[in-house]
Structures are given as C-alpha cells and as structure tokens.
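Hi there,

Here is the structure I promised to pass on. Have a look at it first, and then read on for what turned up.

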Amino acid sequence: MSLLKRLESQKQTEQSAQCKDKGKPVIQVKVDPFQSLKGRIHKRIVDEMSLEESKGLTDKNVDKQLLEDFVARVSNVVMDEETVPVLRGDRSRVIIEIVDEVLGFGPIDPLLKDDSVSEVMVNSASQVYVERKGKLVLTDVCFRDDAHVMQVIEKIVAPLGRRVDESSPMVDARLPDGSRVNAIIPPLALRGPCITIRKFAKDPLQIHNLVDFGTLTQEMADFLRACVEGKLNIVVSGGTGSGKTTTLNILSSFIPDDERIVTIEDAAELQLRQDHVVKLETRPANIEGKGAISMRELVKNSLRMRPDRIVVGEVRSGEALDMLQAMNTGHDGSLTTGHANSPRDMISRLETMVLMAGLDLPVRAIREQIASAVDLVLQQTRLQDGSRRITHLTEVQGMEGEVITLQDIFIFEQKGKDENNKIIGNFKPTGIRPKFMDKLAANGINLPNEVFWPK
C-alpha cells in the first residue's frame, strides 16, 4: 500500500470512528490540545502528497529520511499559519508525533525504538504496558480511541497480506525488524483491540551474552555447544516470556555452516546467521476459510527438502508426531521449543500433542518414540525478579517399564533473595555423566568428565 493511500485510509477511518452508533460509545482516552492542529497537518500532508507524487515521495522504496523531512516541512508550514503561535517545545512534540503516526506505528513507535523495552502490550486504548528487565511497567502512552488502535493493527498486518476483522478477529504477524505481533479485537476482546508485540534485539544475542546475564554458566554453554555440534535432538521448554526463542536462536547458531537447515514457524522469528537456511512459515486461511497451511504440513514437506537439521519454532499440537518421526529417521540434531513448567511436564505434553495428531496410537508406542527421539530437554524459567535462568539440562535416558526415565545433568539451585529482592542461587552439575556422551564421541565431540563433577 502506497503512503498516499495509507494516509487517505487513515483519514477515512478517523471520520468513520466519529460516526459510530450511539449505542456503542467511542472511548475518548484523553483530550489532546493539539488534536485539531494535527488534523489540519494531516489533511495538508495528504493534499501535498498528491502534488508531490511526480517527485517520487509515494514510491514504495522511497528514502525514509526524505519522507520525514517532507512531513516535518509540511507540519512547520501549517504551524506557521496558526493565529496562535505554537511554542518551540510543543512544535517539536507535534512534529515527532505526526512523523510517528504517518511513518511509524503511532503512539507506540517510541516504545518500539526503545532498546530497554522487550515487550509492548496494548491492553486497551487507554492502557499500554511494557516489559523492562523482566518487569511489567505501566506507561503514560495512550491512543485516542479504539479506532486509533485499529489503524495501527491494520498498518502492521496489511503489508503481510493478513487481515483482521469481525470474521477473523485474531492475527499473528511480525514487524519489519522481525518482532512478533499478536492482535485480537472485539467481539473477542471486551475492552477494545489489544496488541502484544514481542521485540527482538537488532543484533541477536550470543551465548556469551547469556553467560554475562547469569542465564547459565560457561561450562553449561560449552556443554550445549557440544550437544548441538554432536547432533543431539534438543527440546527447549519453558513458560511464556521465559526466553525459549532467544535460546533456540543461540542453539541454532552452533549448527555448522556446511549443513542445510530448514526452519518452520508460525511467525518467522528465528534469525539464523548461516548461509544455507530455508525459512518456512505457516499460512492462515483466506477470507473464504480455505488455503490454510499448518505447521504439520510444513514439517511433512520439510522431510522432502533434504534437510540436515530441522528447527521448529514451537510444537503445539499434532506436528509433534511428525517432528519426533523426523528426529527418529535420520534428521539428528533437530531443535524445537514447547510450553511446559518442567522437563517431566514437557515429556507429558509431547505425549498429549502426539495424541492430537488424531492417530489411535498406544501410549507405550508414543513414549518409546519420544524416548528414542529426544536426547536433551533444556528447561528455561523466568524467575520472580524478572531474571531468566536455565534451571535444568535434563537427559532423556530411555524407558523403564512404562515410564520415560529422565536424569538431570545441570540444575539451578535457588537459595532465596537478597536485600534488593534479587534471586540468589547457583548452577551446579549433578555428577552424572550423560549416556549420550558416546554418541557425541562418535561425532568427534569430546568433553572432559570434569565438566560433570560437582564443585
């Protein structure tokens, strides 16, 4: 969508918002003393864009700085024409807000540019939270009304060919920088449209960053590198916001450059640095309810693409069966994530997800499949102080009777809190040498036994 069409659409949306049924009151969040001025500036920009079209301002690949200069110039001209002078500080604020509205994502644009913010949560037009250092913080940012929030949602999903309306009130999308977006609107969201944006660092974190943050120790980092290079199948488990995708990104960075990697995700988030990477993404149904491509179909298709490694962003349902079969049929070194509170819970969830594939498999057969496919479960947890820790590195050792046997290799032992309410604890090996060390050795990876000795 060209900038001119986007501006005209935004103007029409604002006008339609003023004509809602009287039975559905529009939420007026706050009175902006410059709202009328911004409206005049916005109208002038639309008019000027029509005149400037021959100069390339509406081209798809136009330089962003050129557009910002144009918007600032038009804004200054309109403010110079005002009968009541606009103070310099107010003038700068109006220009910044107009630029954010026209070229960015409205009121939340400064939050998206703030490197200290890891997540932006628009609960309603009048309530916007962010996550900083693992803690939720209420901001003073707000939208004019629900229609204003809808404008931002449309601006996010339109370039991706996605849609959001009453017939399809939920959507997953991503920003140009890879940040993950979820939007849900009425009638499902009772307080108005909601947006949740999980930001990702411009420069993906490396393993040494996690060591510096205290997420794991250097010994654990070396162990994980050896596991990935030695082609172990690893499942990263954890709760929402615990850092699973970040850890999966880092584990993926250990895959050698001479291997072919196929990634499969609902919304593309992984940022692999290798050259030989094929990225696949699911597709939702069209307006007729047809054409959806699921994770399971993509996992099946990936097996025909000659992958050395398969990286699944997250298993949620029946695709777990296809993922396990891939791990068991020559695609060693595959990686995935899943939601669970502990390694044992992750194994139980895998059983449940396999049953969701719709096949009438006996439970023992499913457990044998899991036990032979998965080598290591990495449990990541966001603690009460907002910090993230890898609390368990657990080996899947096999079956004993009807039960899958697990053995912790490294654990995080929590000891309490300090005077600043920060979690105190330490990582320690359990003293158990993993059974898969022979598999690592067969792949040319040798770790000293001292790594596993308690200290």
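Which residues of α9 are buried? They are Lys244, Thr245, Thr247, Leu248, Asn249, Ile250, Leu251 and Ser252. Buried here means under 20% relative accessible area, with exposed being over 50% and partly exposed in between, using a 1.4 Å probe and protein chains only. Helix α9 covers residues 244–252, and eight of its nine residues are buried, so the helix is largely enclosed by the rest of the structure. Helices (H or I, at least four residues) and strands (E, at least two) are DSSP runs, numbered from the N terminus.

Before going further, please keep in mind that this is a predicted model: local features need pLDDT of at least 70, side-chain atom pairs count only at pLDDT 80 or more, and totals for chains, interfaces and linings use all residues. Residues are numbered from 1 along each chain as its sequence is written, and side-chain values use heavy atoms, with hydrogens and water left out.

Now to the sheet. It is open, has nine strands in the order β9-β8-β10-β11-β7-β12-β13-β14-β15, and its pairing is mixed. Two strands pair if DSSP finds at least two bridges between them. At the edges are β9 (277–281) and β15, each of which pairs on one side only. From one strand to the next, the twist averages 25°. Such angles run from 0 to 180 degrees between N-to-C directions, and the axes are lines fitted to C-alpha atoms, for helices over the stretch in contact.

Strands β12 (residues 376–382) and β13 (residues 388–400) are antiparallel and share seven bridges. Leu376 has Glu395 in β13 as its bridge partner, while Leu378 has Leu393. Five residues separate β12 from β13 in a hairpin, and Gly386 in the turn has a positive phi of about 90°. β13 also pairs with β14 in the antiparallel sense, over eight bridges, with Gly398 opposite Thr405 in β14. That hairpin has two residues between its strands, and Gly401 in the turn has a positive phi of about 70°.

What about the aromatic rings? Rings of Phe, Tyr and Trp (its six-membered ring) pair if their centres lie within 6.5 Å; planes under 30 degrees apart count as stacked, over 60 as edge-to-face and the rest as tilted. The count comes to five aromatic pairs. In one of them, the ring centres of Phe223 and Phe452 are 5.7 Å apart and the planes are at 90°, so this pair is edge-to-face. Phe223 sits in helix α8 (residues 218–229) and Phe452 in the segment after α14 (437–442), so the pair ties together parts 229 residues apart in sequence. Phe223 and Phe452 are both buried.

Phe412 and Phe427 make a tilted pair, 4.9 Å centre to centre with 55° between the planes. Phe412 belongs to strand β14 (residues 403–417) and Phe427 to strand β15 (residues 423–429), so this pair ties together parts 15 residues apart in sequence. Phe412 is buried, with a relative accessible area of 11%, and Phe427 is buried too, at 19%. Ring pairs also link Phe223, Phe410, Phe436 and Phe452 into a cluster.

Best wishes
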